[in-house]
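This report describes one protein model for a reader who has not seen it before.

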Amino acid sequence: QGQAIQLVTQLIQQQGGVGGLLNQLQQGGLGDVVNSWVSNGANQSVSGEQLQQALGSEQLQQAAAAVGVDQAQAGNLLSQFLPQLINGITPNGNAADADGFGLDDIARIAMQQFMNK
């Protein structure tokens, strides 16, 4: 869980914020999936491989190395935790809501999400 939070915050930093991360995923072919996380409906699942493709190997490799996991582990961690996290920081079903969150807020929300499992 700790590695997942570190990984997500690393990617958010790389992309210049949550909006940048969501944009990257949408441009990488995961638009419908990301929209399901933001909306108030059920979250669509995503595989680690899909996330690797959408983010790009280099981006994911850098983030994975920063937290001490390999790229495949990083993709799997993200596939488990990213949908819940994005859902948690967009309670009104609006991706723009996520831009107001700093990394500390995101880490706090992530911890709340994981503790509730």
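Along the sequence, the protein follows the pattern α-α-α-α-α-α. The model, which is predicted, contains six helices and zero strands. Of its 117 residues, 43% count as buried. The protein exposes about 5,700 Å², and carbon and sulfur atoms supply 41% of that area. Among contacts between residues at least 6 apart in sequence, 65% join residues at least 24 apart.

**The nonpolar core**

In soluble globular proteins, nonpolar side chains tend to be buried together. The largest nonpolar core in this model has 31 residues. Leu 25, Leu 30, Trp 37, Leu 51, Leu 78, Leu 82 and Ile 86 are the residues with the most contacts inside it. At least two residues of this core come from each of helix 1, helix 2, helix 3, helix 4 and helix 5. Helix 2 provides the largest share of the core, nine residues.

| Helix | Residues |
|---|---|
| Helix 1 | residues 2-15 |
| Helix 2 | residues 18-38 |
| Helix 3 | residues 48-55 |
| Helix 4 | residues 57-67 |
| Helix 5 | residues 71-89 |

Leaving out residues up to four places away in sequence, Leu 78 touches Leu 7, Val 8, Leu 11, Leu 51, Leu 55, Leu 60 and Pro 83.

Ile 86 is found in helix 5. Ile 86 counts as buried because its relative accessible area is 2%, and the cut-off for buried is under 20%. With residues up to four places away in sequence not counted, Ile 86 touches Val 18, Leu 22, Trp 37 and Val 38. Trp 37 and Ile 86 are 49 residues apart in sequence, yet their C-alpha atoms are 6.0 Å apart in space.

**Gln 15**

Apart from neighbours within four places in sequence, Gln 15 is in contact with Gly 20, Leu 21, Gln 24 and Gln 59.

How values were computed
Residues numbered from 1 in each chain as written. Predicted model: local features only at pLDDT ≥ 70, side-chain atom pairs only at ≥ 80, totals over all residues. Heavy atoms only, no water. Helix = DSSP H or I, 4+ residues; strand = E, 2+ residues; numbered from the N terminus. Contact = heavy atoms within 4.5 Å. Core = buried A, V, L, I, M, F, W, Y, C linked by side-chain atoms within 4.5 Å. Buried < 20%, exposed > 50% of the residue type's maximum accessible area, 1.4 Å probe, protein only. Areas by Shrake-Rupley, 256 points an atom, 1.4 Å probe, with all protein chains shown as cover.
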